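Me: I would like to go through a structure with you, one topic at a time. Please keep the answers plain.

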Amino acid sequence: MGTRLGELVERLGGQLKGDPNIEVSGIAPLTEAQASHITFLSSSKLRAQAGQTKAAAIILSAADDLALHASFSGARIVSNNPYAYFAHTAQLFAAQTRAVPLPGVHPSASVDPSAQLAASAVVGPNVTIEADAIIGADCIIGSGCLSSIAGGYGSQKLGS
């Protein structure tokens, strides 16, 4: 699953210099990037490597863009903070590949009959859902968690 550069710039900002329809399917360091990757230039000391990268696109500063526009033939995304831009890009790619658990209750979970669970909720292994708890739509209760209502654990007043 890939992302078009135009979509990336729409979401994260920056200035795209190149074809907005180029699709990138992953991220990689300058020296390892291939034609389906996006990379970034974190230091002007690496401009020679940036000029040789095989990446489809590179995220860089305005100063580095001026220095590299002749030696790098791929698309360029100019950002005031290339490092942060690349971090956000990495988060987007991670979200695309993250496995989404199927709704339901794991067989090892303990759910009180009075609890209300939305049909789209996920209750993981060894979870305890206590009496009168309400688990809303698309909630994910991870392995080993305890879910209770207000007034449950930790609500006792000091000195009682």
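Reply: What follows is a discussion of a predicted model.

Me: Let us begin with helix H1. Which of its residues are buried?

Reply: Helix H1 spans residues 5-12, and its buried residues are Leu 5, Gly 6, Leu 8 and Val 9. They sit on the same side of H1, because the arc they cover around the axis is only 160 degrees.

Me: Which residues are exposed on the other side of H1?

Reply: Glu 10 and Arg 11 are exposed there.

Me: What follows H1?

Reply: Gly 13 follows H1, and its phi is positive, near 85 degrees.

Me: Back to Gly 6 for a moment. Why does Gly 6 count as buried?

Reply: Gly 6 has a relative accessibility of 10%, and buried means under 20%, so Gly 6 counts as buried.

Me: And what does Gly 6 touch, leaving out residues up to four places away in sequence?

Reply: With those left out, Gly 6 touches Leu 16 and Pro 20.

Me: Now the largest nonpolar core. Which of its residues touch the most other members?

Reply: The core has 15 residues, and those that touch the most other members are Leu 5, Leu 8, Val 24, Ile 38, Ile 59, Ile 77 and Tyr 85. Two or more residues each come from H1, strand E5 (37-40), strand E6 (57-60), strand E7 (75-78) and helix H4 (82-97). H4 gives the most to this core, namely four residues.

Me: What does Ile 77 touch, again without residues up to four places away in sequence?

Reply: Ile 77 touches several residues, among them Leu 5, Leu 8 and Val 9. Its contacts also include Ile 38, Ile 59 and Tyr 85.

Me: Which residues does the second core include?

Reply: The second core is separate and has nine residues, including Ala 109, Val 123, Val 127 and Ala 133.

Me: Val 123 brings me to the strands. What is the bridge partner of Val 105 in E11?

Reply: The partner of Val 105 in E11 is Val 123. Strand E11 covers residues 122-123, and two bridges join E8 to E11.

Me: In what order do the three strands form their open sheet?

Reply: The order is E8-E11-E14, with parallel pairing. Strand E8 (104-105) and strand E14 (140-141) are at the edges with a single partner strand each, so one side of each has no neighbour in the sheet.

Me: Changing topic: how many salt bridges are there?

Reply: The count comes to four. One of them joins Arg 4 to Glu 7, with the closest N and O atoms 3.2 Å apart. Arg 4 is partly exposed, at a relative accessible area of 24%, and Glu 7 is also partly exposed, at 35%.

Me: Which residue forms a salt bridge with Lys 17?

Reply: That residue is Asp 65, and the closest N and O atoms of the pair are 2.6 Å apart.

Me: Is Asp 65 buried or exposed?

Reply: Asp 65 counts as buried, at 3% relative accessibility, whereas Lys 17 is partly exposed, with a relative accessible area of 29%.

Me: And what joins Arg 76 and Asp 65?

Reply: Their side chains meet in a salt bridge, at 2.3 Å from N to O. Arg 76 is in strand E7 and Asp 65 in helix H3, so this pair ties together parts eleven residues apart in sequence. Arg 76 counts as buried at 13% relative accessibility. Through shared partners, salt bridges join Lys 17, Asp 65 and Arg 76 into one network.

Methods. Residues numbered from 1 in each chain as written. Predicted model: local features only at pLDDT ≥ 70, side-chain atom pairs only at ≥ 80, totals over all residues. Heavy atoms only, no water. Buried < 20%, exposed > 50% of the residue type's maximum accessible area, 1.4 Å probe, protein only. Arc of directions from axis to C-beta. Contact = heavy atoms within 4.5 Å. Pairing = 2+ DSSP bridges. Core = buried A, V, L, I, M, F, W, Y, C linked by side-chain atoms within 4.5 Å.
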